[in-house]
Amino acid sequence: MELNVRNDSKIVEIWLTKSEKQNMQLKKELKLIYQCFNEIGYTVATFLSGAQDLDAVTSDLICYNRRRIAQMEAIRFV
């Protein structure tokens with residue numbers, strides 16, 4: 001688990017690995033962390049490691065965005 005506290009924006013980032021997100025004891029500890037930071041006005045964001053290949057998913061997203069931009073430009077010039 002990685003915990004980053006950003007005091008300037010009052011945000012707490014919690015990063016969990018695949019194995020950590022299955023850990024029941026860690027989930028109990030996270031509830032306490034959420035409560036503590038919420039009481040002092042911080043927003044807590046938890047990021048969970050995914051199961052998909054990051055390179056492939058990112059490449060697909062970039063290709064989709066390029067096609068969509070081209071479509072929007074074609075519509076604009078018609």
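**Ground rules.** I am working from a predicted model, where local features need pLDDT of at least 70, side-chain atom pairs count only at pLDDT 80 or more, and totals for chains, interfaces and linings use all residues. Residues are numbered from 1 along each chain as its sequence is written, and side-chain values use heavy atoms, with hydrogens and water left out.

**Strand pairing.** I took helices (H or I, at least four residues) and strands (E, at least two) as DSSP runs, numbered from the N terminus. Two strands pair if DSSP finds at least two bridges between them. Strand 1 (residues 2–6) runs antiparallel to strand 2, with five bridges. Strand 3 (residues 43–48) pairs with strand 2 in the parallel sense, over six bridges. I then followed Val12 of strand 2: Val5 stands opposite Val12, and Val44 is the bridge partner of Val12 in strand 3.

**Hairpin.** Four residues lie between strand 1 and strand 2. Lys10 has a positive phi there, near 55 degrees.

**Core.** I counted a nonpolar core as buried Ala, Val, Leu, Ile, Met, Phe, Trp, Tyr and Cys residues joined through side-chain atoms within 4.5 Å. Buried means under 20% relative accessible area, with exposed over 50% and partly exposed in between (1.4 Å probe, protein chains only). The largest such core has nine residues: Val12, Ile14, Leu16, Leu26, Leu30, Ile33, Phe37, Tyr42 and Val44. Helix 1 gives the largest share, four residues. I checked Tyr42 for contacts (heavy atoms within 4.5 Å). Beyond four places in sequence, Tyr42 touches Val5, Val12 and Phe37, among others.

**Glu13.** Which strand holds Glu13? Strand 2 (residues 11–16) does. Glu13 counts as buried because its relative accessibility is 15%. I found a polar contact (N or O atoms within 3.5 Å; within protein, one able to donate a hydrogen and the other to accept it; residues adjacent in sequence only if both atoms are side-chain atoms). The side chains of Glu13 and Arg6 make it, at 3.0 Å.

**Glu20.** I placed Glu20 in the loop between strand 2 and helix 1. Glu20 is buried but has no salt bridge; that would take a side-chain nitrogen of Lys or Arg within 4 Å of a carboxyl oxygen of Asp or Glu. Lys21, the nearest side chain of opposite charge, is 10 Å away. The backbone nitrogen of Met1 is 2.2 Å from a polar side-chain atom of Glu20.

Terms used
Lys, Arg positive; Asp, Glu negative; His and termini not counted.
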